[in-house]
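The points below take them in turn.

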Amino acid sequence: MALLLGFLLLLGLCSEDAIAQGLSSTGGSDILEFELPAMDYETQDSYQPGPIGVLFQIVHIFLHGVQPNAFPEDILRKIIRNKFDLSTDYEKIIRYEIGIIICAILGLLFVILMPVVGLCFGLCRCCNKCGGEMHQRQKRNGTFLRKYFAGSLLVICVFISIGIIFGFVANHHLRTQIKKTRKLADSNFKDLRTFLNETPSQINYILGQYTTTKEKAFSDLDNIKLLLGGGIREQLRPKVIPILDDVKAMAEAIKETQEALWNVNSTLRDLKESAAQLNSSLSDIRTNLEQSLKDPLCSAPPVTATCNDIRMTLTQLDDNTDMDQLPSLHNQLVNVNDVLRTDLSSLVQEGYKSFNDIPEMVQNQTMDLVSDIKSTLNSIGSDIKNVNEQISIQDKLSSFVDPINYAETYVHRHLPTLEEYDSYRWLGSLVVCCLLTLIVIFFYLGLLCGVFGYDRNATPTRRGCISNTGGVFLMAGVGVSFLFCWILMTIVVLTFVVGGNVEKLVCEPYQNKKLFQILDTPYLLKEDWKYYLAGRVFNKPDINLTFEQVYSDCKENKGIYTTLKLEHSYNISEHLNFQEHTENINRDFGNVNVKIDGIVLLDDAGRRNLREFGSSGVDRIDYDAYLAEVSKRPTKVNLLSFADELEGKAHQLPPGSLKQSLTSNAQRIRAVHHDQVVPLGPSMRSVYRSLQSLQHKSSGLGGKVVNIISSLDSAEEFITNHISSIIVQESKKYGNVILGYFEGYLRWVKISITEQIAACKPVATALDSAVEVFLCSYVVEPMNLFWFGIGKATVFLLPAVIFAVKLAKYYRRMDSEDVYDDVEIIPMKNMQKVHVGFHRHQTTQTL
């Protein structure tokens, strides 16, 4: 029933128009990513029997030894073609089943012969034959035989016990698994309902993602100012911005040049005045010293040398610079001031503004384009919804709800019956195992009492009660074995034939998929259909759709569309082909008519301003002469050192007016140094730095201006000649981004429908649960372990009976025994005991 249910569910979901869709985690673009809500299923896709699996493997090895033949594919195909008529191929069937047949025949012989042998054995013992006579003949190897029989029986009982344990374990496992059948069925039905109910929600999720995609595209269309306009502007940026930056830097340089010229010209004027004042002060001091050296005292021989030394150094007391030779920078300053009357910085900012207004121009000129593209994208959404309506997945899947409900009701209605019958089976199997347990307990008790109650010094007629009880237990076990072993073997044969064939003909070929290969044989299930499943699904039996392929794809959790090759019924690629829409959008973007004109980087006034600055003469100033002059020391000699030397020489003179005059002039020289020379230093250094900066700024000024104007012309020419191609290029790139969302979405929808929506793993799991789990793992494998264990125990009863009968003679108390008359050999004491026994049993035994 479960196997049939699994196949009906599989074939039902394979109906002609049953298309279920699955959504995978693929992204429509680098920005948009979609992920299908996962379906949670309860039923595990694999079954592990646990530790008992080792015992199942032992049974499999035994079955392979009994039935080593390969799966009879050709035989089954002929049987199916002949409408299950076995008469034509019975020889091949017998040849395939020869191992099982031989074992079954041996079992039947056991069933027939064991009662007959038991009856004959009982009658024979009643006639004091077959060991029925209570007399034991003495043998020289009697001790060895007793030990040998006892050891052999013990080993056989151990094997019988192992078989009984197998039986108990198999019986308990089968009952436990049958109790799990309800939970297994419920979980499978729940998974199938989840499969049917969640598939429409997956479809709705896919349709909902189109809204997300469309909103993203609409957002980009509304942001066309930055995306398209900004892209065009970025293409022009490398050509435009560096030129505008150069012009802006030139405007700043003009201002800095004007400031530097004013500072230098003003400072030079001050320096000339300071230098003239310094020269006048030094000239007065030098004149005063010359008058002082005319003093008569300088004629005296000791002072003459000193006066001459002072007179020779007076030439050093002079100004070291000639500032008057440096021309004024008034003309250059006037020219630069004239240049600054035009605000070049404002003209440059207008160029920046004209360039940055490109996105605004694009937005204003593409309003109609954006509206048309939005209408096209809305129509794509309508077409996608139409595809879903044409497939009508919800309607098709809802038609399978009633069959599943009926199947579930059927299973739940018959499960109590199954559990009731299983309780009877469990009780019967328990009786079988207990019966064997009783037999082996008799044997164990017999061995226990016999071994521990045996007295080697006691004669057969004098054996103790415990030893005798052991023999009685052994014979009791023999009697019960003869009474019931044929019934046990009958059960073993029946379960062996059924379980072995189901294992070899159903379970193993199902696992290796050879069973599906039989069903996929062309023209087998229907003579005029090459592929039966394709004929049932599409009414086109030539399509290569097989049971094995469908089952394998479902095991891999592939979608129904790919699994059943539903493209032969509804080609999703054709219905999701929106090439016309994409061509229209591409054409719209390719024909974008955006006119970007009126971009003036710098007008004529600005260019004229640059040329006037280039001809202002700032670059023609003789900076080397200025730098050389302002880098000189203000005086030819260090006035402080000169004053110290003069004062030192004055101290060498005798007191008088000459010494006083020289000392006074030394003080004046120091005052000139502090008041006039020292202030000149910072001013001269400042002018030096300003001249250096001005020289650097004005170096190659004319060439710089020419290059800037040339670059402006080149940039404006580039904009004029290439703006159209840039607009087309950026429009296509922008259009590809918009289309990329939808092409990626449609590609994702196609992959989802063809490969992942309505992933049919629950169908394969339901089929596995019916065949591999319920039939094979829950029922067949425990049943095979049961007959294997019980059969093993039953077969070992035969040697156990033989050894038990033989061993009982050594444990039971005999009615008579052998007596020896040879006095030399047998002591008189024993002879007396023997004769006493002889007279009691009224028999004469003479050797």
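1. Cys-507 and Cys-776 are both buried, where buried means under 20% relative accessible area, exposed over 50% and partly exposed in between (1.4 Å probe, protein chains only). Their sulfur atoms lie 2.0 Å apart and form a disulfide, that is, a pair of cysteine sulfur atoms within 2.5 Å. The torsion about this S-S bond is about -100°, so the disulfide is left-handed. The pair links distant parts of the chain, with Cys-507 in helix H16 (residues 465–511) and Cys-776 in helix H28 (residues 761–795), 269 residues apart. Helices are DSSP runs (H or I, at least four residues), numbered from the N terminus.

2. On the basis of these values: this is a predicted model, in which local features need pLDDT of at least 70 and side-chain atom pairs count only at pLDDT 80 or more, while totals for chains, interfaces and linings use all residues. Residues are numbered from 1 along each chain as its sequence is written, and side-chain values use heavy atoms, with hydrogens and water left out.

3. The structure holds two disulfides. Besides the pair in point 1, Cys-554 is joined to Cys-760, S to S 2.1 Å. This link is left-handed too, with -105° about the S-S bond. Cys-554 is in helix H19 (residues 547–555) and Cys-760 in the loop between helix H27 (701–756) and H28, 206 residues apart. Both Cys-554 and Cys-760 are buried.

4. Cys-433 is buried, at 0% relative accessibility. For Cys-465 the closest cysteine sulfur is in Cys-449, 9.0 Å away and also too far for a bond. Cys-465 counts as exposed, at 56%.

5. A search of the whole structure finds 17 aromatic pairs. Rings of Phe, Tyr and Trp (its six-membered ring) pair if their centres lie within 6.5 Å; planes under 30 degrees apart count as stacked, over 60 as edge-to-face and the rest as tilted. One of the pairs, Tyr-148 and Phe-803, is edge-to-face, 5.9 Å centre to centre with 75° between the planes. Tyr-148 is partly exposed at 42% relative accessible area, whereas Phe-803 is buried at 16%. The rings of Phe-516 and Tyr-551 are stacked, because their centres are 4.7 Å apart and their planes at 20°.

Technical notes:
Helix = DSSP H or I, 4+ residues; strand = E, 2+ residues; numbered from the N terminus.
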